[in-house]
Amino acid sequence: MKPALIKGSLLTAALLSIALSPAGLNANTAQYLPTEARWCMAQGCIDLEIPKTVEQFQKGLMHRPAIGPWRGMWFRFLPAQAVGFWMHKCIAPLDLVFIRDGKVVEVKAELPPCPRLPCPSYKSKEPVDEVIELQAGRAAELGIKAGSPAIPKLD
């Protein structure tokens, strides 16, 4: 099964709909998706959950306790586009790894949770085709930085 790809302005619509939807803001349950991919590097492999529906993209890691050091969530976009993520209703801080064409273009590290609106949006500095959310501080621990290879693979 291929990981989901969110196309064009669908992501913008998805993020706006959660921002404006009382149901989206009041749904206080965490989602736990199966791990279906891995990002392997010299230090080990990170198991990746893959959101496939608009609702799964919207929810991301909201309401989840800190994820483990070898776990993450992999978001894919087609075509590559400028994207923004926020930490609304996240419980634990996260690192965002922005990727294009198999290389890290930017890491936004240790982003704090935002329990209530308004929340800042953390945007890619250029169009990207993937974003991986990791436990806060994990990108630095693993030496992940701009220019690092990033080629997750499906299990």
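Q: Are Phe57 and Phe77 buried or exposed?

A: This is a predicted model. Burial is read from relative accessible area, and under 20% counts as buried. Here, both Phe57 and Phe77 are buried.

Q: How do the rings of Phe57 and Phe77 sit against each other?

A: Two things matter for a ring pair: the distance between centres and the angle between planes. The structure holds 5 aromatic pairs. In one of them, Phe57 and Phe77 have centres 6.0 Å apart and planes at 70°. That pair is edge-to-face.

Q: Which parts of the chain does the pair of Phe57 and Phe77 tie together?

A: Look up the element of each residue. Phe57 belongs to helix α3 and Phe77 to strand β4. The pair therefore ties together parts that are 20 residues apart in sequence.

Q: Why is the pair of Phe77 and Phe85 edge-to-face?

A: Planes over 60 degrees apart count as edge-to-face. The planes of Phe77 and Phe85 stand at 80°, so this pair is edge-to-face. Their ring centres are 6.4 Å apart. Both residues are buried.

Q: Which residues do ring pairs link into a cluster?

A: Follow the pairs from ring to ring. The cluster holds Phe57, Phe75, Phe77, Phe85 and Phe98.

Q: Which residues have the most contacts inside the largest nonpolar core?

A: A nonpolar core is built from buried residues joined through their side chains. The largest one here has 23 residues. Phe85, Phe98 and Val131 have the most contacts inside it.

Q: Which elements give two or more residues to this core?

A: They are β4, β5 (84-86), β6 (94-100), β7 (103-111) and β9 (128-135). Trace those strands in the structure above.

Q: What is Phe85 in contact with, leaving aside its neighbours within four places in sequence?

A: Among its contacts are Phe75, Phe77, Leu96 and Phe98. Pro120, Ser121, Tyr122, Val131 and Glu133 are also in contact with Phe85. Another core lies apart from the largest one. That other core has 15 residues, among them Ile50, Val97, Ile132 and Leu134.

Q: Where is Val128, and what is in contact with it?

A: Start with the element, then look at the surroundings. Val128 is in strand β9. At 0% relative accessibility, Val128 is buried. Leaving aside neighbours within four places in sequence, its contacts include Phe77, Ala80, Phe98 and Val105. Sequence and space can also be set side by side. Val128 and Glu106 are 22 residues apart in sequence, with 9.6 Å between their C-alpha atoms.

Q: How many salt bridges does the count come to?

A: For a salt bridge, look for a side-chain nitrogen of Lys or Arg within 4 Å of a carboxyl oxygen of Asp or Glu. The count comes to 7 salt bridges. One of them joins Lys52 and Glu36, with the closest N and O atoms 2.5 Å apart. Lys52 lies in the loop between β3 (44-49) and α3 (54-59), and Glu36 lies in strand β2 (residues 35-41), so the pair ties together parts that are 16 residues apart in sequence. Lys52 is partly exposed, at 29% relative accessible area. Glu36 is partly exposed too, at 21%.

Q: Is Glu49 buried or exposed?

A: Read its relative accessible area. For Glu49 the value is 0%, so Glu49 is buried. Arg64 is buried as well. Arg71 is partly exposed, at 28%.

Q: What is in contact with Glu49, leaving aside its neighbours within four places in sequence?

A: Its contacts include Gln31, Tyr32, Leu33, Gly72 and Trp74.

Q: Which residue lies over the face of Trp70?

A: For a charge over a ring, check the distance to the ring centre. Arg138 lies over the face of Trp70, at 4.3 Å from the ring centre.

Terms used: Residues numbered from 1 in each chain as written. Heavy atoms only, no water. Helix = DSSP H or I, 4+ residues; strand = E, 2+ residues; numbered from the N terminus. Buried < 20%, exposed > 50% of the residue type's maximum accessible area, 1.4 Å probe, protein only. Core = buried A, V, L, I, M, F, W, Y, C linked by side-chain atoms within 4.5 Å. Contact = heavy atoms within 4.5 Å. Phe/Tyr/Trp six-rings, centres within 6.5 Å; stacked < 30°, edge-to-face > 60°. Lys NZ or Arg CZ within 6 Å of the ring centre and 35° of its normal.
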